[in-house]
Amino acid sequence: MRVLRPEELGEGERERWRELRAKSTAPRNPFMEPEFTDVVGRVRPRARVAVVYDGGEAAGFLPHERGPLGQGRAIGLGVSDCQGAVLRQDLAPDTRQLLRACSLSSFAFDNLEAEQGLFVPHAAEEHATYVIDVEQGYEAYENVLRAQSPKFLKTTLAKERRLGRQVGDVRFVFDERDPAALRTLMGWKSAQYRRTGRRDRFAQEWITRLVARLAVTRAPECTGTLSVLYADGRPLAAHFGLRSATVLACWFPAYDPDFAKYSPGLILHLRMAEAAAAEGIGMLDMGRGPAEYKDSLKTGELPVYEGTATRPGAGAALQWLGREPVRRAHGVVRARPRLASLAVRTLRGAARLRRS
């Protein structure tokens with residue numbers, strides 16, 4: 001096994017990585033492609049890739065970041081929505097031996113994909129990631145919505161028509177290349193984070209740089225995609241995510257709150273689903289974490305896992321002390337709707353106090 005910086009991977013190794021992903025039965029999520037790891041490596045100096053060889057051939061890859069005392073984490077942890085190792089299907093390395101070879105005392109993950117037999121046994125929690133199935137085309141998806149939530153679809157389409165009448169011509173761009181539109185989206189998202197009392201991800205320089213680099217990334221299985229809903233030439237809602245040939249990973253959606261009465265974010269997601277289906281994409285992955293709009297739009301759910309694989313040592317103990325109590329506290333709150341509601345109100349109240 002060799003541990004390399006992402007940029008040190010040869011093209012043969014990258015192609016082998018892509019071949020292994022193509023043979024996997026898991027959805028071809030772009031966060032699991034070498035291009036995503038490569039871009040993370042350009043903004044996160046501790047990014048590494050462990051390459052496992054068998055018979056002289058690359059048979060597995062573990063993208064990760066290495067912290068103090070060997071505390072490891074999935075590549076891009078905190079923003080990546082699909083994580084894990086990329087392994088030949090018949091390869092089953094020992095987890096502790098793999099961590100030791102990487103000089104890792106632990107490996108933390110919070111969006112581990114379901115087929116990760118190497119790390120799923122170390123999961124502490126299972127979560128749902130919400131998906132939209134457009135494999136049979138957009139019309140078939142609308143038929144599903146009419147059956148499961150007819151009022152939602154009817155109301156959203158009516159708001160789209162009203163938006164056109166009252167504001168101006170409605171236009172949707174699936175793959176917008178204008179950098180100004182991306183800056184607008186990031187501004188909306190930062191304001192949303194602050195308004196809801198949550199940590200502003202775009203206040204972290206590495207995340208801003210990561211998104212900017214991914215916005216110009218063009219690869220068959222990992223392409224940065226900015227989608228924008230316009231009315232009268234003005235952007236009202238936007239989303240930035242990554243797409244492969246078959247999966248659109250929804251990542252950063254936001255809208256102009258001045259136009260909230262038209263539900264531009266919901267209209268945007270319907271148009272994204274329509275455009276994705278036209279491109280031959282079969283699934284939109286809206287990520288983990290409950291939200292009312294996801295419940296309205298989803299056709300199903302997939303499991304993802306959170307936890308930490310460890311081997312004995314001081315680094316693993318520090319990893320546990322640093323993450324486990326917080327994770328358990330979050331789990332208690334999520335499992336109790338009244339507590340969760342109180343937590344949301346508290347966060348929003350704290351945000352209002354900071355703004356006043």
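How many nonpolar, polar and charged residues are in the lining of the largest cavity? The lining has 6 nonpolar and 2 polar residues, and no charged ones. The structure is a predicted model.

**Cavity**
- A search of the whole structure for cavities of 30 Å³ or more finds 1.
- The volume of the largest cavity is about 40 Å³.
- Its lining consists of F31, M32, P63, A74, I75, C82, Q83 and G84.
- F31, one of these lining residues, also belongs to an aromatic cluster with F36, F202, F240, W251 and F252.

**Nonpolar cores**
- In soluble globular proteins, nonpolar side chains tend to be buried together.
- Here the largest nonpolar core has 44 residues.
- The residues with the most contacts inside that core are F36, F61, L210, F240 and W251.
- Leaving aside residues up to four places away in sequence, F61 touches L9, E13, R16, W17, L20, V49, A50, V51, A85, V86 and L87.
- Another core, of 32 residues, lies apart from the largest one, and its members include Y262, I267, M272 and A276.

**Aromatic pairs and cluster**
- The whole structure contains 11 aromatic pairs.
- One of them joins W251 and F252 in a tilted arrangement, with 4.8 Å centre to centre and 35 degrees between the planes.
- Both W251 and F252 are buried.
- Three members of the aromatic cluster, F36, F240 and W251, are also among the residues with the most contacts inside the largest nonpolar core.

**Charges over rings**
- R44 lies over the face of W206, 4.2 Å from the ring centre.
- R171 places its charged end over the ring of Y230, at 4.4 Å from the centre of that ring.

Note on methods:
Residues numbered from 1 in each chain as written. Predicted model: local features only at pLDDT ≥ 70, side-chain atom pairs only at ≥ 80, totals over all residues. Heavy atoms only, no water. Core = buried A, V, L, I, M, F, W, Y, C linked by side-chain atoms within 4.5 Å. Buried < 20%, exposed > 50% of the residue type's maximum accessible area, 1.4 Å probe, protein only. Contact = heavy atoms within 4.5 Å. Phe/Tyr/Trp six-rings, centres within 6.5 Å; stacked < 30°, edge-to-face > 60°. Lys NZ or Arg CZ within 6 Å of the ring centre and 35° of its normal. 1 Å grid on protein atoms, 1.4 Å probe; cavity = no way out; pocket = protein on both sides within 12 Å on 5 of 7 lines; lining within 4 Å. Points joined across faces, edges and corners; volume = space filled by probe spheres on them. Nonpolar A, V, L, I, M, F, W, Y, C, P; charged D, E, K, R; others polar.
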